[in-house]
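This report is for a reader who is meeting the structure for the first time. Please look over the sequence and the model before reading on.

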Amino acid sequence: MLEDGFCSVRYSAILGNLRDRGYLSHEDVEKLLKDYVTAQRVILAAISDEKAKIVQEALIDNYNRLKS
């Protein structure tokens, strides 16, 4: 799902990577970033369950890449 070798400490970069790869639309990214800035935490309620699962998996994958 994330580009091979990709990792970032920025939520916006992860969402941008998912958008560039076709998993999220521009509108999805805008909603997620707006919710993040407002609440200072990741909120996935504004997108479909399928897309929310993709974002969750990408965040976990990114975290694991940063750890190693």
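## Basis of the model

The model is predicted, so local features need pLDDT of at least 70 and side-chain atom pairs count only at pLDDT 80 or more, while totals for chains, interfaces and linings use all residues. Residues are numbered from 1 along each chain as its sequence is written, and side-chain values use heavy atoms, with hydrogens and water left out.

## Helix 2

Helices are DSSP runs (H or I, at least four residues), numbered from the N terminus. Helix 2 has 14 residues and spans 20 Å from its first C-alpha to its last. This is close to the expected 20 Å at 1.5 Å a residue, where the expected span is 1.5 Å times one less than the number of residues.

Three terms describe accessibility: buried means under 20% relative accessible area, exposed means over 50%, and partly exposed lies in between (1.4 Å probe, protein chains only). In helix 2 the buried residues are Asp-28, Val-29 and Leu-32. Viewed down the helix axis, these buried residues fall within an arc of 95 degrees, so they line one face of helix 2; the arc is that of the directions from the helix axis to the C-beta atoms. They pack against helix 1 (11-20) and helix 3. On the face turned away from the buried side, helix 2 carries the exposed residues Lys-34, Val-37 and Thr-38. After the helix comes Gln-40, which has a positive phi, near 60 degrees.

Is Asp-28 buried or exposed? Asp-28 is buried, with a relative accessible area of 7%. Contact means heavy atoms within 4.5 Å. Leaving aside neighbours within four places in sequence, Asp-28 is in contact with Ile-47 and Lys-51.

With Lys-51, Asp-28 also forms a salt bridge, in which the closest N and O atoms are 2.6 Å apart. A salt bridge is a side-chain nitrogen of Lys or Arg within 4 Å of a carboxyl oxygen of Asp or Glu. Asp-28 lies in helix 2 and Lys-51 in helix 3, so the pair ties together parts that are 23 residues apart in sequence. Lys-51 is partly exposed, at 26% relative accessible area.

## Other salt bridges

How many salt bridges does the structure hold? There are three. Another one joins the side chains of Arg-19 and Asp-20, at 3.1 Å from N to O. Arg-19 is partly exposed, at 33%, whereas Asp-20 is exposed, at 60% relative accessibility.

The side chains of Asp-61 and Arg-65 also meet in a salt bridge, at 3.0 Å from N to O. Both residues lie in helix 3, four residues apart, which is about one turn of the helix. Asp-61 is partly exposed at 28% relative accessibility, and Arg-65 is partly exposed with a relative accessible area of 23%.

## A nonpolar surface patch

Tyr-36, Val-37 and Val-42 form a nonpolar patch on the surface, with about 240 Å² of accessible area together. Patches are made of residues with over 30% relative accessible area and no salt bridge; like charges are joined within 9 Å, and nonpolar side chains (Val, Leu, Ile, Met, Phe, Trp, Tyr) within 5 Å. Accessible areas come from the Shrake-Rupley method with a 1.4 Å probe, and for residues only the protein chains shown count as cover.

Where does Val-42 lie? Val-42 is in the loop between helix 2 (26-39) and helix 3 (49-67). Val-42 is partly exposed, with a relative accessible area of 36%.

Key. Helix = DSSP H or I, 4+ residues; strand = E, 2+ residues; numbered from the N terminus.
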